[in-house]
Amino acid sequence: MKLVGSSMSPYVRRLRLFLEGKSFEFINLNIYSPEGREALARYTPAMKIPVLMDGEQTIYDSRAIHRYLVSTHFPETPMSWHQENLLSLIDAANDSYVILLLSKRSGIDTDADMLIANLQKERIERTLQLLEKSVASGELADWNYPAMCLFCLLDWISFRELEDLSRYTALNTFHQQHLTSPGVSDSDPRLVDA
Ligand SMILES: N[C@@H](CCC(=O)N[C@@H](CS)C(=O)NCC(=O)O)C(=O)O
């Protein structure tokens with residue numbers, strides 16, 4: 001089984017954490033370098049990571065990959081609809097941060113009052129407020145897939161210095177608590193060649 005991705009991607013890291021202790025090969029690409037893009041194009045026309053390759057089967061998108069892994073190899077308690085919703089909110093915030101980051105890298109002033117940036121910021125604010133409450137009420141207390149996804153988002157925000165999240169006390173405590181969870185230090189994007 002091969003997981004195609006990048007050590008920088010929070011969507012890939014969540015699957016590395018889920019697969020911690022299992023046998024798989026991690027193919028680490030720099031998806032913005034010419035060579036990385038050429039390699040990526042061999043795995044997916046969508047040009048997005050993660051991609052899973054299991055024998056003849058290829059699966060795109062972290063959510064589908066997680067569902068595939070649970071249904072074929074690593075059965076676990078199915079996620080409740082509430083957990084599915086939490087995951088959708090984590091993904092919504094993550095996608096919005098990616099849009100803001102790529103906009104900045106494209107020379108767009110995301111601090112300006114413009115629709116595309118305002119929509120992302122509003123989504124981020126509202127989803128983080130809800131996630132703060134969810135963590136505070138113990139809904140993400142177990143180290144399961146939704147918790148891994150939230151950790152990867154929070155750690156990536158800190159790694160990329162996207163925002164100061166100190167006002168979210170429960171999210172901060174959650175982030176600190178899981179720095180020692182299985183697989184976290186080995187998949188740290190701050191490590192060279194991680
Ligand atoms: N919904 C996708 C999102 C994946 C995603 O956005 N991956 C980013 C890396 S963090 C990517 O491949 N970006 C490339 C691009 O947007 O061109 C998933 O859950 O797998």
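Guide: The count comes to nine salt bridges, a salt bridge being a side-chain nitrogen of Lys or Arg within 4 Å of a carboxyl oxygen of Asp or Glu. The model is predicted, so local features need pLDDT of at least 70 and side-chain atom pairs count only at pLDDT 80 or more, while totals for chains, interfaces and linings use all residues. Residues are numbered from 1 along each chain as its sequence is written, and side-chain values use heavy atoms, with hydrogens and water left out.

A salt bridge joins the side chains of E84 and R63, at 2.8 Å from N to O. E84 belongs to helix α4 and R63 to helix α3 (residues 62–72), so distant parts of the chain are linked, 21 residues apart. Helices here are DSSP runs of H or I with at least four residues, strands are runs of E with at least two, and both are numbered from the N terminus.

Q83 also lies in helix α4. Leaving aside residues up to four places away in sequence, Q83 touches P78, N144 and P146, where contact means heavy atoms within 4.5 Å. Between Q83 and E139 there are 56 residues in sequence, yet their C-alpha atoms are 8.7 Å apart.

Helix α4 (residues 81–105) packs against helix α5 (residues 115–136) at an angle of about 145°, the axes being 9 Å apart. Axes are lines fitted to C-alpha atoms over the stretch in contact, and angles run from 0 to 180 degrees between N-to-C directions. The α4 and α5 crossing is left-handed, meaning that the near helix is turned anticlockwise from the far one by less than a right angle; clockwise would be right-handed. On the α4 side the contact includes L86, L89, I90 and Y97, and on the α5 side I116, R123, I124 and L131 are among the residues involved. By class, this contact has 14 nonpolar, four polar and two charged residues; Ala, Val, Leu, Ile, Met, Phe, Trp, Tyr, Cys and Pro count as nonpolar, Asp, Glu, Lys and Arg as charged, and the others, Gly among them, as polar.

A second pair is formed by helix α1 (residues 10–18) and helix α6 (residues 145–159), at about 140° and with axes 9 Å apart. The crossing of α1 and α6 is right-handed. Among the residues that meet are R13, R14 and F18 in α1 and F151, D155 and W156 in α6. The α1 contact with α6 has 10 nonpolar, no polar and three charged residues.
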